[in-house]
Amino acid sequence: MLLGFALLATSCSKDKNPTVTLLNDEFMTTDRTVSIGAPLAFKWRVEKGAADLSSFTLRVNGADFFGFPVDPIPGDIYIDSTFIEAPVAKGIFVYSFIATDVY
């Protein structure tokens, strides 16, 4: 099974958007082939852009993952992580990490 990652920051302003960075160590940060049911570890750091942060969500193939979105989140920097089980179906799954701000 191949996992893809998308880092997104959304804002209604044309000014600087929030940034989402996946962090290293034992956490996944790039496309990777994994075994069905394997544990997946993600860790992220979100930094505000022109406005304070508002919410954060993790999506799998466009749908919010269970327990997301997280709202509210700290206004300047939000660091968190999650461990989930890889899907039991074979295929390509895209994990998106999306931050929104107060604009």
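# Strands and salt bridges

Q: Where do I start? How do β5 and β6 pair?
A: β5 and strand β6 (residues 63-64) pair in the antiparallel sense, over two bridges. Strands are DSSP runs of E, at least two residues long, and numbering starts at the N terminus. Two strands pair if DSSP finds at least two bridges between them.

Q: Before we go on, what kind of model is this?
A: This is a predicted model: local features need pLDDT of at least 70, side-chain atom pairs count only at pLDDT 80 or more, and totals for chains, interfaces and linings use all residues. Residues are numbered from 1 along each chain as its sequence is written, and side-chain values use heavy atoms, with hydrogens and water left out.

Q: Why is β5 called largely enclosed?
A: Because six of the eight residues of β5 are buried, the strand is largely enclosed by the rest of the structure.

Q: What about β8? How many bridges join β5 to that strand?
A: Seven bridges. β8 covers residues 92-101, and the two strands run antiparallel. L53 stands opposite D101 in β8.

Q: Switching topic. How many salt bridges does the count come to?
A: Four. One of them joins R45 and E47, whose side chains meet at 2.8 Å, N to O. R45 is partly exposed at 26% relative accessibility. E47 is partly exposed too, with a relative accessible area of 32%.

Q: What does D52 form a salt bridge with?
A: With K48. The closest N and O atoms are 3.2 Å apart. A polar contact of 3.2 Å also joins the side chains of D52 and K48. (A polar contact is a pair of N or O atoms within 3.5 Å; within protein, one must be able to donate a hydrogen and the other to accept it, and residues adjacent in sequence count only if both atoms are side-chain atoms.)

Q: How accessible is K48?
A: K48 is partly exposed, with a relative accessible area of 31%. For D52 the value is 37%, so D52 counts as partly exposed.

Q: Where is D52 found?
A: In the loop between β4 (39-47) and β5 (53-60).

Q: And what does D52 touch there?
A: Leaving out residues up to four places away in sequence, D52 touches G75, D76, D101 and V102. Contact means heavy atoms within 4.5 Å. The C-alpha atoms of D52 and Y103 are separated by 8.4 Å, with the two residues 51 apart along the chain.

Q: Last one. Where does T21 lie?
A: T21 lies in strand β2 (residues 19-22). T21 touches K43, W44 and R45, not counting residues up to four places away in sequence. The C-alpha atoms of T21 and W44 are separated by 5.6 Å, though these residues are 23 apart along the chain. T21 is partly exposed, with a relative accessible area of 37%.

Terms used:
Buried < 20%, exposed > 50% of the residue type's maximum accessible area, 1.4 Å probe, protein only. Helix = DSSP H or I, 4+ residues; strand = E, 2+ residues; numbered from the N terminus.
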